[in-house]
Amino acid sequence: MARIANYNRPKDTRRTLKQMLSYLGRHKWYMLVIALLVTISALASILGTYMLKPVINRFILPGDIPGLVKILLVMGALYLCGALSCYAYNQMMVHISQQVVSEIRSDLFVHTQRLPLTYFDAHTHGELMSRFTNDVDTISEALNSSFAMMIQSFITITGTLTMLLILSLKLSLIVMVFLALMILFIRFNGRRSKKYFVQQQKYLGSINGFVEEMVAGQKVEKVFNHEAQDYEEFCRRNEAFRAAATKALTYSGMTVPTIVSLSYINYALSACVGGLFALAGLTDLGTLASYLVYVRQSAMPLNQFTQQINFILAALSGAERIFDLMDEKPEEDGGTVTLCRVTRGADGALAECSEYTGMFAWKRPAADGGNELVPLRGDVRFHDVRFGYTPQKPVLDGISLYAKPGQKLAFVGSTGAGKTTIINLITRFYEIDAGSITYDGIDVRDIRKDDLRRSISMVIQDTHLFTGTIADNIRYGRLDAGDADVRAAARLANADSFIRRLPDGYDTMLESDGANLSQGQRQLIAIARAAIARPPVLILDEATSSVDTRTERLIERGMDALMEGRTVLVIAHRLSTVRNAQAIFVLEKGVIVERGDHDGLLSQKGRYYKLYTGQYILE
């Protein structure tokens with residue numbers, strides 16, 4: 001109960017239960033068999049207890065040994081049947097629960113990949129990870145134990161109360177009173193413990209966040225000598241957590257002992273009164289023995305049933321959060337134009353092919369019902385584009401520009417000017433509010449997003465490397481690339497020399513986002529990853545802003561080789577890296593305030609001149 005007391009109850013239990021049953025419904029025959037086996041197990045226990053009455057009255061008291069042996073064999077067979085049923089449904093439930101959880105996790109992952117970036121902007125990574133970990137684990141635990149246990153507990157409670165009423169209606173009044181007391185105590189204690197478990201979880205999160213900050217900021221803490229103050233703050237949060245946890249565990253720990261004590265009192269009182277009834281001839285010895293066994297086992301299924309309800313509600317609460325995420329609207333894609341591999345015939349005409357030729361074309365639906373092939377060249381144009389992440393705050397205001405195939409364009413400006421936004425719109429991470437963006441004369445909204453993004457490679461400032469070998473990370477740009485292609489891309493990016501010096505070379509394992517490499521080495525691998533994709537359009541988003549000058553020159557040489565013959569869009573923090581661009585756009589508050597080449601902009605002595613001279617003095 002302590003595990004799940006901190007969960008809020010589902011807001012819409014009926015809807016969540018319906019969605020949960022849709023997953024269980026895929027295995028309905030298994031679930032029916034499990035329910036049948038649970039029923040057999042519960043009934044075997046109930047009927048076995050009832051058989052104490054004829055065993056005592058008909059065989060033990062009269063001294064019928066042969067008959068006693070026979071009925072004991074029958075009881076043994078009955079309990080064996082119940083035990084086998086219990087074993088079978090437990091094994092089946094483990095199999096089904098893990099299968100259902102696997103399906104939920106798989107569907108959740110697939111749907112998460114289809115969500116637009118706006119969803120990830122509004123939700124933290126920890127919040128999303130909690131769906132895959134805490135919420136899925138809660139569902140798994142509930143399915144493993146609670147489903148079968150609830151059925152068994154319900155049948156046991158119902159069957160036990162029914163048998164108590166059948167055996168002795170008068171004695172059952174005592175049991176009913178104590179069961180009512182148990183239910184009232186469980187409800188009261190559950191509310192109290194839940195209150196403090198919520199506080200405990202809150203303070204635990206506070207401690208975890210504080211420790212994470214302190215571990216990540218050790219250098220800052222030591223430089224400013226804040227160890228003593230931070231320790232005092234940790235002690236304050238730790239004490240709040242201790243107080244809440246103590247109260248939570250005190251209340252939750254009272255449940256079982258109190259229920260057990262009440263059941264003992266109930267049993268003792270029932271035994272005393274039942275003994276008086278037997279002496280007075282109001283009941284027989286067999287009935288009393290059977291009755292008292294039912295009394296002993298009446299409290300346990302009630303306590304189990306109450307706890308399983310909490311587990312089920314907790315699981316439904318977790319499932320509701322998962323299904324809410326699954327109900328989020330996926331990224332819209334109305335594109336009909338696709339990207340295909342092509343070859344050029346002797347007559348110069350393009351023809352679609354399956355093998356890699358290094359040539360691509362857009363396959364666009366034609367008016368006659370067929371398809372026409374438009375060569376992929378890398379011609380990107382903005383036509384009076386307007387965009388804002390929120391309607392109240394526009395970021396781009398009437399941007400118009402063009403990048404001809406093979407041109408290098410650079411965007412400079414202060415933070416928040418809209419440079420990265422331009423890149424996000426080309427890749428359709430976000431949809432424009434007005435105007436249009438064309439790619440080889442085709443509106444990007446008509447191109448299927450997967451195909452659009454396959455034609456573009458990006459090298460960004462915050463390089464992300466995946467767990468795996470260096471070769472795997474480079475091959476991430478084109479999964480069907482061979483080892484020779486990987487090495488060729490690394491040589492093009494000026495990464496081959498440092499990779500070969502590593503102990504395991506291209507087979508060196510990277511973990512924790514490539515923490516065993518320097519920032520510059522990670523950038524070179526990112527460039528190699530972009531190079532192996534062989535894209536017609538390359539985007540460089542402040543790819544050298546966080547490295548030293550020497551490493552920057554090495555990275556620039558790799559990028560120069562990569563940029564040859566490609567349309568390149570560069571977002572630059574260091575203006576010295578964009579001097580060879582054919583066109584430089586200076587942005588301020590979502591508007592292009594200056595455009596031209598490096599020499600032309602310097603001669604104007606405007607915004608670019610001020611930015612460049614300031615950068616030059618700092619260098």
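R341 counts as partly exposed, at 24% relative accessibility (buried means under 20% relative accessible area, exposed over 50%, partly exposed in between, with a 1.4 Å probe and protein chains only). This is a predicted model, in which local features need pLDDT of at least 70 and side-chain atom pairs count only at pLDDT 80 or more, while totals for chains, interfaces and linings use all residues. Residues are numbered from 1 along each chain as its sequence is written, and side-chain values use heavy atoms, with hydrogens and water left out.

The side chain of R341 meets that of D480 in a salt bridge, 3.1 Å from N to O (a salt bridge is a side-chain nitrogen of Lys or Arg within 4 Å of a carboxyl oxygen of Asp or Glu). This pair links distant parts of the chain, 139 residues apart: R341 is in strand β1 (residues 338-344), and D480 is in the loop between α13 (470-475) and α14. Helices (H or I, at least four residues) and strands (E, at least two) are DSSP runs, numbered from the N terminus. D480 is partly exposed, with a relative accessible area of 49%.

The structure holds 30 salt bridges. One of them joins R26 to E103, with the closest N and O atoms 3.4 Å apart. Here too the pair links distant parts of the chain, 77 residues apart, with R26 in the loop between α1 (13-24) and α2 (28-50) and E103 in helix α4. R26 is partly exposed at a relative accessible area of 49%, whereas E103 is buried at 15%. Another salt bridge joins the side chains of D397 and R386, at 2.2 Å from N to O. D397 lies in strand β6 (residues 396-403) and R386 in strand β5 (residues 380-387), so this pair ties together parts that are 11 residues apart in sequence. Salt bridges also link E331, D333, R428, E431, K449 and R453 in a network.

Next come the helices. Two packed helices are described by the angle between their axes and the distance between the axes. Axes are lines fitted to C-alpha atoms, for helices over the stretch in contact, and angles run from 0 to 180 degrees between N-to-C directions. The axes of α3 (residues 52-60) and α4 come within 9 Å and cross at roughly 170°. α3 and α4 are therefore roughly antiparallel to each other (angles under 35 degrees count as roughly parallel, over 145 as roughly antiparallel, 65 to 115 as roughly perpendicular and the rest as oblique). V69 lies in helix α4, which spans residues 65-113, and counts as partly exposed at 44% relative accessibility.

Helix α14 (residues 483-492) packs against helix α16 (residues 519-533) at an angle of about 120°, their axes 8 Å apart. That makes α14 oblique to α16. A531 lies in helix α16 and is buried, with a relative accessible area of 7%. The C-alpha atoms of A531 and V486 are 9.3 Å apart, although 45 residues separate the two along the chain.

Two loop residues have positive phi values. D440, which is not a glycine, has a phi of about 55° and lies in the loop between β8 (434-439) and β9 (442-443). K589, also a residue other than glycine, has a phi near 55° and is placed in the loop between β15 (583-588) and β16 (591-596). D440 counts as buried at 8% relative accessibility, while K589 is exposed, with a relative accessible area of 74%.
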